[in-house]
Amino acid sequence: MHSFLVLVIFQITVSFGLLLNNVDISDLERIKQEIKTELTKEFDLKLAEIKKNVTTGLPNVPPIAFMAGLSHTIVNPTSGQHLIFDQVITNVGNAYRALHGIFTAPVAGYYSFTLNMAIENIAASHSYHVFIMVNNNEMGYIFFDGQHNYWLRRSDTIVVHLNQNDDVWLKSTRIGNVTINSNFLHQHVSGFLIARD
């Protein structure tokens, strides 16, 4: 920027000196064009430098998203059981481990997770709850309680901040008998990165 100002002042000084010596108008037009050319070059260089700094300063954040369903029917899961959705539909970034049913945050940031489940009739004294766990903390849940003789569908979505290597998983609790049928249209969990720290 300093060289740019020096150039402008120099050109103005030269132009003013030429005016005092009765310089031809065509000389002034030529000088004007030279100044314009130099200003354009300087501007283009500065703009290119700014663009480079902006694009190289952005963090490289690969997409992170998954969706998984159940490949098998679960009958009467035990209370506290780790519920494993093992049928991977998508796993961009490979942060979801289907063998264990655990999503591990590859980067710190804000994430969204959604759990969808549907089950058949439950007797009046029976209940089934599934918690969305972040490490060992219950952050959300769905529940199926009371007597009904039809399918119930529930879902819950949480938005949480995760540190790198935090785990998200599902824990079930049950009273009485319950059957969770395999079908990813009825039973699925999904999550994605909203914004990296």
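Visitor: What makes S7 mostly covered?

Guide: In S7, 10 of the 11 residues are buried. Buried means under 20% relative accessible area, exposed means over 50%, and partly exposed lies in between (1.4 Å probe, protein chains only). S7 is a strand spanning residues 109-119. Strands (E, at least two residues) and helices (H or I, at least four residues) are DSSP runs, numbered from the N terminus.

Visitor: Where do these values come from?

Guide: This is a predicted model, with residues numbered from 1 along each chain as its sequence is written. Local features need pLDDT of at least 70 and side-chain atom pairs need 80 or more, while totals for chains, interfaces and linings use all residues; side-chain values use heavy atoms, without hydrogens or water.

Visitor: How many helices and strands are in the protein chain?

Guide: The protein chain has 2 helices and 13 strands. Of its 197 residues, 35% are buried.

Visitor: How do you know which strands pair with S7?

Guide: Two strands pair if DSSP finds at least two bridges between them. S7 and strand S10 (residues 152-162) have 11 bridges, in the antiparallel sense. Tyr110 stands opposite His161 in S10. S7 also runs antiparallel to strand S13 (residues 188-196), with 8 bridges. There, Asn116 stands opposite His188.

Visitor: Why is the aromatic pair of Phe66 and Phe103 called what it is?

Guide: Rings of Phe, Tyr and Trp (its six-membered ring) pair if their centres lie within 6.5 Å; planes under 30 degrees apart count as stacked, over 60 as edge-to-face, and the rest as tilted. The structure holds 8 aromatic pairs. Phe66 and Phe103 are 5.3 Å apart, centre to centre, with 20 degrees between the planes. That is under 30 degrees, so the pair is stacked. Phe66 is in strand S1 (residues 65-69) and Phe103 in strand S6 (residues 102-104), so the pair ties together parts 37 residues apart in sequence.

Visitor: Why is the pair of Phe66 and Phe113 called tilted?

Guide: The ring centres of Phe66 and Phe113 are 6.3 Å apart, and their planes stand at 50 degrees, so the pair is tilted. Phe113 lies in S7 and Phe66 in S1, so this pair joins parts 47 residues apart in sequence. Ring pairs link Phe66, Tyr96, Phe103, Tyr111 and Phe113 into a cluster.

Visitor: How do you know that Phe66 and Phe103 are buried?

Guide: Phe66 has 4% relative accessibility, so it counts as buried. Phe103 has 1%, so it counts as buried too.

Visitor: What makes Lys171 and Glu138 a salt bridge?

Guide: A salt bridge is a side-chain nitrogen of Lys or Arg within 4 Å of a carboxyl oxygen of Asp or Glu. Lys171 and Glu138 meet at 3.2 Å, N to O, so they qualify. Lys171 is in strand S11 and Glu138 in strand S9 (residues 137-145), so the pair ties together parts 33 residues apart in sequence. Lys171 is buried, at 18%. Glu138 is partly exposed, at 45%.

Visitor: Why does Lys171 count as lying over the face of Phe131?

Guide: A charge sits over a ring if NZ of Lys or CZ of Arg is within 6 Å of the ring centre and within 35 degrees of the ring normal. Lys171 lies at 5.6 Å from the ring centre of Phe131. The charged end of Arg154 sits over the ring of Phe143, 5.4 Å from its centre.
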